[in-house]
Amino acid sequence: MKIITKCSEMADYSLDARARGGAVGLVPTMGALHDGHLSLLKTASRHCDNVVMSVFVNPAQFGPAEDFERYPRQLERDCEFVEAAGCDAVFAPSPQEIYPDNYSTYVNVENITGVLCGASRPGHFRGVATVVLKLFNIVMPQIAVFGAKDAQQVIVIKRVVEDLNLSVKIIAAPTVREPDGLAMSSRNAYLSANERAEAPLIHRALMSAKGLYDGGERGGRSIMDCVRSILNEGRLINPEYVEVVDTTLLKPLDSIVRPALLAVACRTAETGTRLIDNVVLGGDL
């Protein structure tokens, strides 16, 4: 497995792979890898010959009061982890390599980035869209795989691809969960023991709401009330938002007459860790 730190070297690697007739797939990550990331790698491997995983903690998507400085960085361990799983190359650039001096160009996606997570994280999706577009230009993948847990991110990136006529296929891979249902996330390591014990309430709430939908309930408010009632059983998992929105424009749905994203974000009481999860009702991302 190659470990690449320079944009020019990464581009040369991809150009060589494509010249030899091989498809290139990209799995963008911020490192601190876990089994959820391995599932993305396996999905990419099924669709292409060369899988590149990027490991880059992107400063442009963190707000001033967020966890950029303490976000876990463990590149050596991450490389060993994915090499054993068959990754072909890791692209691990420095911040200076991605954002050199006098960097001035950013990607702003209108309308769908100011809601859900974007409402409390201004500028977050500007940073996400910018770094992902840069990764697409550097790695030149035919496919890119993202986790469905970050549903709004998937929707934003699909919008970038469509609006800017990019020749990359976006695949949303299913959320990978712990045995008790908690969605795998690098930030789960922040949780206290008490918070970790309560965190599965999020998935239980989503599954209860999905059960209502599967049973014929189509009222957005009823679905959201079901989620909130279960989350309220805990003391340490505080909802930031519970929303039912459509899967393209992220507009609230009073009545679910087309595929809907039921999305939840919570903030924990002891460590202030932010947890997100979702389920799509009546369709896929």
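## A salt bridge at D150

D150 is partly exposed, with a relative accessible area of 28%. Its side chain meets that of K149 in a salt bridge, 3.6 Å from N to O. K149 counts as buried, because its relative accessibility is 14% and the cut-off for buried is under 20%. This is a predicted model.

## Other salt bridges

A search of the whole structure finds 15 salt bridges. One of them joins the side chains of R177 and D277, at 2.7 Å from N to O. R177 sits in the loop between β6 (169-173) and α8 (193-198), while D277 belongs to strand β9, so the pair ties together parts that are 100 residues apart in sequence. R177 is partly exposed, with a relative accessible area of 24%. D277 is buried, at 5%.

D16 and R20 form another salt bridge, with 3.1 Å from N to O. D16 is partly exposed at 42% relative accessibility. R20 is exposed at 57%. Elsewhere, salt bridges link R159, E162 and D163 in a network.

## The sheet of β7, β8 and β9

Strand β9 also belongs to an open sheet of 3 strands. Their order is β7-β8-β9, and the pairing is antiparallel. β7 (237-246) and β9 (274-281) stand at the edges. Each has a single partner strand, so one side of each is left without a neighbour in the sheet. From one strand to the next, the twist averages 15°.

Helix α10 (residues 220-231) packs on this sheet and touches β7, β8 and β9. The direction of α10 makes about 160° with that of β7. Strand β8 (residues 260-268) pairs with β9 over 8 bridges, in the antiparallel sense. Within that pairing, V280 in β9 is the bridge partner of L261.

## L262, a buried residue of β8

L262 is placed in strand β8. At 0% relative accessibility, L262 counts as buried. L262 and V280 are 18 residues apart in sequence, yet their C-alpha atoms are 6.0 Å apart in space.

Which residues does L262 contact, beyond its neighbours within four places in sequence? Among them are L206, A209, I223 and V227. V242, E243 and V244 are also in contact with L262. D277 is the residue that forms the salt bridge with R177.

Strand β2 (residues 24-29) is mostly covered, with 6 of its 6 residues buried. V24, L26 and P28 point one way. G25, V27 and T29 point the other way. In a regular strand, side chains alternate between the two faces of the sheet.

β2 runs parallel to strand β3 (residues 50-55), and 6 bridges join the two. P28 has S54 in β3 as its bridge partner. Together with helix α2 (residues 35-47), β2 and β3 make a right-handed β-α-β unit.

β2 also pairs with strand β5 (residues 143-147), in the parallel sense and over 2 bridges. Here the bridge partner of G25 is I143.

## Q153 in helix α7

Q153 lies in helix α7 (residues 151-163). Is Q153 buried or exposed? At 18% relative accessibility, Q153 counts as buried, since the cut-off is under 20%. Leaving aside neighbours within four places in sequence, Q153 is in contact with F125, V128 and F146.

Definitions and conventions
Residues are numbered from 1 along each chain as its sequence is written. This is a predicted model: local features need pLDDT of at least 70, side-chain atom pairs count only at pLDDT 80 or more; totals for chains, interfaces and linings use all residues. Side-chain values use heavy atoms; hydrogens and water are left out. Two strands pair if DSSP finds at least two bridges between them. Helices (H or I, at least four residues) and strands (E, at least two) are DSSP runs, numbered from the N terminus. Axes are lines fitted to C-alpha atoms, for helices over the stretch in contact, and angles run from 0 to 180 degrees between N-to-C directions. Contact means heavy atoms within 4.5 Å. Buried means under 20% relative accessible area, exposed over 50%, partly exposed in between (1.4 Å probe, protein chains only). A crossover is right-handed if, with the strands pointing away from the viewer, the path from the first strand over the helix to the second runs clockwise. A salt bridge is a side-chain nitrogen of Lys or Arg within 4 Å of a carboxyl oxygen of Asp or Glu.
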